[in-house]
Amino acid sequence: MSEASRSDEIERWRLPLSSTRPAPAKKKFWARQPAAPAEQRSEPEIKPARARPVPETRAREAKPKQKRLPASRRSLSQSPLTRRILVLNIMALLVPVLGLLYLPTYRDSLLQSELELLKTEGSLFSGALAASGVATGALGDEKLVPETSRQTIRRLVDVSKTRARLFTPDGILIADSFLLSGPGGIVTITPLPPLDPNESLVWKWVAGAYDWVFDRLPNSRILKPYQEAAVQNATDYEEVVKAMGGEAATFVRDAGKGKMILSAAVPVQRYRQVLGALLLTKPGDDIEATLRDTRLTILGVSGIALGVTVLLSLYLASTIALPIHRLADAADRVRRDKGRQKSIPDLSARGDEIGDLSGALRDMTEAVWRRMDAIEGFAADVAHEIKNPLTSLRSAVETVARVEDPLQQKKLMSIILDDVQRLDRLITDISDASRIDAEMSRVEAQPVNLRDLVLAVADIHTATGRESAPIIRTQLPDGDALAVLGTEGRLGQVVRNLVANAISFSPPKGGILLAARRVGRQVVLTVEDEGPGIPPDKLGAIFERFYSERPKGEKFGTHSGLGLSISKQIVEAYGGTLKADNRKDAAGRIVGARFTVTLPAA
């Protein structure tokens with residue numbers, strides 16, 4: 001019986017009754033009841049509420065959220081990502097620059113070169129002294145002549161500007177290029193510093209800042225201070241003592257204020273006899289000047305590199321932070337604003353991860369809107385489908401109270417029972433359909449043996465079917481488990497729904513074929529029946545919710561119209577497809593329906 005015929009029959013019973021006898025007055029459940037006597041009234045007992053544990057999700061929601069600055073109000077300089085990029089790039093540049101500025105190896109190589117040069121110069125001077133400043137005594141002994149040695153030394157150091165001192169084997173100083181004999185006695189010569197070039201104030205400021213900074217840096221070598229006694233002796237200098245033993249030696253001393261004194265002592269020998277020791281000393285100003293020039297050059301190049309690094313970092317940050325700000329701002333607008341006028345900007349043309357993020361956000365937004373449309377449509381369909389049996393149920397309930405004929409009352413009660421059962425089926429299927437998405441997101445897909453699943457469903461229907469039930473046959477390859485990714489319960493529900501649909505449309509003793517095979521990386525399952533087939537214009541509509549095209553003669557309300565919709569929803573959740581078509585014979589006539597399920601193989 002259809003919905004319209006049931007309603008017409010109920011209305012036909014109601015009209016005669018309502019015209020012959022007035023309906024009894026209905027009691028209003030909200031009518032005021034007489035008050036109880038005061039002595040019978042008592043204050044209600046208030047029981048303390050039982051404390052219930054707060055779920056973990058509610059506990060997380062109860063925590064106060066930290067307010068963040070909206071993306072549209074945050075400039076590039078306020079971006080934490082920009083600051084991280086700047087800090088990391090600047091640190092990557094500063095680490096090697098600071099290492100170059102320290103230059104301990106370069107400093108040592110300069111020192112070694114100057115000392116070797118000073119030692120070579122001393123060897124030349126000692127050879128000149130041994131050739132011109134040595135006198136032979138009456139006994140054939142040789143010794144240095146002080147006056148001749150002084151003149152020779154003055155002529156030699158006049159070109160090199162190096163201080164030279166000559167010691168005798170007994171340690172007495174007999175010649176010093178900084179001491180000059182004159183009519184009034186000994187005159188000490190102090191060399192003047194070189195004239196400063198015309199330097200600008202900026203250069204002087206830079207040089208002063210350089211000296212101030214690097215004077216405070218820790219020195220890699222601890223030097224002995226340079227001390228010069230009023231009466232000098234060979235034992236005051238370690239290198240001179242070694243030279244007296246016939247071995248050339250060098251030494252570096254601290255002159256104070258970051259200055260150094262370099263010295264080299266070589267023996268003055270004649271026929272391998274040590275006649276004295278020559279000590280050459282010079283300040284390390286050339287080394288410091290070379291280091292300063294090198295460091296300032298490094299600083300200049302580093303300053304340019306730092307500027308380029310900052311600009312490139314800002315450019316990199318703008319290509320990363322600003323698009324992310326745009327995406328975050330657009331997401332906030334989509335969340336706050338009403339309607340669907342706001343959209344996520346399309347940055348997929350970038351071809352990088354931010355473009356992928358933009359595409360993912362756009363797809364997610366579209367999916368959310370589609371889900372909202374689906375929920376709205378589902379709610380409307382549910383309301384419509386539940387309203388029909390409720391309307392029929394209300395009419396039957398209102399009519400049965402006024403019908404006195406027992407046969408009519410019995411018929412109305414059967415209608416009420418059918419409507420209640422129909423409501424129960426609807427609510428069960430609706431609840432199942434609404435749980436599918438949430439269940440699919442929680443349960444991880446596992447390999448399922450589709451072969452055993454199909455055989456189990458076929459055996460159950462064969463064992464529980466009536467005599468006139470259709471005959472179920474299976475066509476499965478031998479030795480292949482036909483494993484697919486999914487959950488056994490939901491995939492079994494798909495197979496059961498398709499078999500139940502085929503049974504409902506198949507004629508008595510008709511045939512139903514369950515076949516499965518592997519095609520590449522997919523498993524294909526087909527369910528074929530010998531029923532009337534599917535109308536060509538309804539091949540897609542049969543998967544819609546509450547589709548009600550049922551076989552002739554089937555009792556109304558037996559099916560909810562959600563079975564195929566739920567099956568398609570489950571199959572698509574596991575990355576598969578569910579399609580329907582008609583089977584045709586050689587003459588082109590429809591001889592049944594075919595449902596094809598395609599699932600990824602495990």
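Helices (H or I, at least four residues) and strands (E, at least two) are taken as DSSP runs, numbered from the N terminus. The structure is a predicted model, in which local features need pLDDT of at least 70 and side-chain atom pairs count only at pLDDT 80 or more, while totals for chains, interfaces and linings use all residues. Residues are numbered from 1 along each chain as its sequence is written, and side-chain values use heavy atoms, with hydrogens and water left out.

The chain contains 13 helices and 17 strands. Of its 602 residues, 34% are classed as buried, where buried denotes under 20% relative accessible area, exposed over 50% and partly exposed in between, for a 1.4 Å probe and protein chains only. Among contacts (heavy atoms within 4.5 Å) with a separation of 6 or more, 66% involve residues 24 or more positions apart.

Strand β2 (residues 142–144) includes E142. The relative accessible area of E142 is 17%, so this residue is buried. Apart from residues up to four places away in sequence, E142 touches V134, A135, T136, R270, Y271, Q273 and L275.

The largest nonpolar core comprises 53 residues, of which L450, L498 and F595 touch the most other members. Such a core is a set of buried Ala, Val, Leu, Ile, Met, Phe, Trp, Tyr and Cys residues joined through side-chain atoms within 4.5 Å. Helix α10 (residues 406–442) makes the greatest contribution to this core, with eight residues. A separate core of 27 residues has V134, A264, V266 and L280 among its members.

L450 belongs to helix α11 and is buried, with a relative accessible area of 4%. Beyond four places in sequence, the contacts of L450 are A481, L482, V484, V523 and L525. The C-alpha atoms of L450 and G492 lie 8.8 Å apart, at a sequence separation of 42 residues.

Two helix pairs were examined. The packing of two helices is described by the angle between their axes and the distance between the axes. Axes are lines fitted to C-alpha atoms, for helices over the stretch in contact, and angles run from 0 to 180 degrees between N-to-C directions. Angles under 35 degrees count as roughly parallel, over 145 as roughly antiparallel, 65 to 115 as roughly perpendicular and the rest as oblique.

Helix α11 (residues 450–464) packs against helix α12 (residues 488–505) at about 45°, with the axes 10 Å apart; the two helices are therefore oblique to each other. L453, V457 and H461 of α11 form the contact with E488, L491, G492, V495, R496, V499 and I503 of α12. This contact has six nonpolar, two polar and two charged residues, with Ala, Val, Leu, Ile, Met, Phe, Trp, Tyr, Cys and Pro counted as nonpolar, Asp, Glu, Lys and Arg as charged, and the others, Gly among them, as polar.

The axes of helix α4 (residues 104–132) and helix α8 (residues 285–336) come within 10 Å and cross at roughly 150°, which means that α4 is roughly antiparallel to α8. Y106, R107, L110, L111 and E114 of α4 meet I287, E288, T290, L291 and T294 of α8. By class, the α4 and α8 contact comprises five nonpolar, two polar and three charged residues.

In helix α13 (residues 563–573), the buried positions include L564, S565, I566, S567, I570 and V571. Just after α13, G575 adopts a positive phi of about 80°.
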